[in-house]
Amino acid sequence: MPYGQGTRLPGEAASKLGHLAVVKSDWVKALVKEFEAAKPNEPDPSSTVWTTFNPDGVRPLSRVWAVDGSFVSVQSEQKPPREVAFVKTALLVVDRARLDTIDKEHPHPLLLQDVLTGSAVFHASVFPLKNIRTPLGSNYDAVRHIVRDSMQIDEDGAFYETLKWLAYKKWSTQQVNSPAFNCPHCHAEILAGLPVDAEEGNCPKCGGIVFLTDMPGFHLSMDEDSAPDALASAYMLVMEHLMLFTAIRIFWDHSDKTLATDTLFIKDGPLTLRSQYSKLVPRIRDFLEHAKQVQRPLHIVGQEKSGAFFDHLASIARFPPPHARGEPLSYAVLSHDHVRREVYRSPDLQNPYGLKTNWGEKLFAKFDPGTYMVLNVPTGTYNPDGSRPTATDLIGLGRILATLPSLISHKHEGALFPIELANGIASMSSYPSARVLQRFIEGTSK
Ligand SMILES: [Zn+2]
């Protein structure tokens, strides 16, 4: 997803208010005055605890992988309009030494091309949304088969292998059945999951054939109550995870055992999988804990560019240092209690924050007076204690913080250059034009 517009608005926008008649109201004048009043000495009302980062003796990570995705729905001009959703995800590797030679503000296109050549993989798929029927079966079955085929065919099945690697803990000496999931035919829960390494099986209740790719639960995003783009956004999110973990899996199995640990893996967005997709979260946590235990820690960071954490940070980012360029960065790791109390203001909820859905914990980082980010970093096993996590719980936080300053873009506020590059590959602008897509729908679905 693209970076939003910055908050440092031009002065022009404010002066336009002066032309509005309503500004003559004393009540409105008082409101505007209050809104604009600068309060430099006011303390941070959320009492966030910031720590100055000291990079001395901390070795930055030498290469960076970034993953991002996007989706778009396209309608045909026929009546009734046919509609499909295109989903695209991209995975990109950047050599930090080569990246350092590029001007982050005005990257030279040829240099950029050089850095990117042979270093990006993208995955694309298309799903029927409305008024499309193929001779093979209903939309529901079409989507199930498209999901399976897309994962199995692309990159010779590398992403599909990663799904198996996570589902069956194939990194472990003790492999397990897949997580439990709902049968796409009779909707009964298949409690035992699929047996180790299986690609399909039969539902014990109705006997129907179920695929391993039914396990994440895309079919549940197709019920009548779901938003029309729920399937496309879920597929994008799951594929972002599978692509990132494909890079991790390949490095993990590499004969050079230092490769995986010496790399920064960046995911656009939070390290979160919600609703039915959260069944993959315990698998991911288990692997990251295992990697930590065998002294091969993985460095993964997610960046949230919108939402409650982003808005909260924007409201308090002026309080902590650095207050001038060149000062060291500072960061604040958010405990579960702090998130509940200050970000969501719902301290009484029963489950600790992120228990089921998050495989990374939250922190704020401020790099210079105008650059701050909401980051997610994994801990491995989840600790439900309200006072956790602390900085030492976050895997490899020091090396991550030592690496990020060299990746900051100056094109967008608070942006990371590798995500920008991945976004460029995964974005709508690199889809064929809507006209071509429309002809695609009209030509293939008669
Ligand atoms: Zn069944």
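Trainee: Which residues line the largest cavity?

Mentor: Keep in mind that this is a predicted model. Val143, Arg144, Val147, Thr213, Asp214, Phe218 and His219 line the largest cavity.

Trainee: What classes do the residues in that lining fall into?

Mentor: The lining of the largest cavity has three nonpolar, two polar and two charged residues. The space in that cavity is about 40 Å³.

Trainee: And how many cavities of 30 Å³ or more are there?

Mentor: The count is two. The second largest cavity has a volume of about 40 Å³, and its lining is made up of Arg285, Asn358, Trp359, Gly360, Glu361, Thr379, Gly380 and Tyr382. By class, that lining splits into two nonpolar, four polar and two charged residues.

Trainee: Okay, new topic. Which residues are the protein donors of the zinc ion?

Mentor: Four cysteines, each through its SG atom: Cys183, Cys186, Cys203 and Cys206, lying 2.3 Å from the zinc ion. Along the chain, these donors follow the spacing C-x2-C-x16-C-x2-C.

Trainee: What's the geometry of the zinc site?

Mentor: Tetrahedral, with angles of 107 to 112° among the four donor atoms.

Trainee: Why does the pair Cys186 and Cys206 tie together parts that are apart in sequence?

Mentor: Cys186 lies in the loop between strand E5 (181-182) and strand E6 (189-190), while Cys206 lies in the loop between strand E7 (200-202) and strand E8 (209-211), so the pair links parts 20 residues apart in sequence.

Trainee: What's the relative accessible area of Cys186?

Mentor: Cys186 is partly exposed, at 27%. Cys206 is partly exposed too, with a relative accessible area of 38%.

Definitions and conventions:
Residues are numbered from 1 along each chain as its sequence is written. This is a predicted model: local features need pLDDT of at least 70, side-chain atom pairs count only at pLDDT 80 or more; totals for chains, interfaces and linings use all residues. Side-chain values use heavy atoms; hydrogens and water are left out. Donors are N, O and S atoms within 2.8 Å of the metal (3.2 Å for Na, K and Ca); water is not among the atoms, so sites may look incomplete. Four donors count as tetrahedral if all angles lie between 85 and 135 degrees; four count as square planar and six as octahedral if opposite donors are over 155 degrees apart and all others between 65 and 115; anything else is irregular. Helices (H or I, at least four residues) and strands (E, at least two) are DSSP runs, numbered from the N terminus. Buried means under 20% relative accessible area, exposed over 50%, partly exposed in between (1.4 Å probe, protein chains only). On a 1 Å grid over the protein atoms alone, a cavity is a set of points where a 1.4 Å probe fits but cannot get out, and a pocket is an open set with protein on both sides within 12 Å along at least five of seven lines; lining residues have an atom within 4 Å of a point. Grid points are joined across faces, edges and corners, and a volume is the space filled by probe spheres set on the points. Ala, Val, Leu, Ile, Met, Phe, Trp, Tyr, Cys and Pro count as nonpolar, Asp, Glu, Lys and Arg as charged, and the others, Gly among them, as polar.
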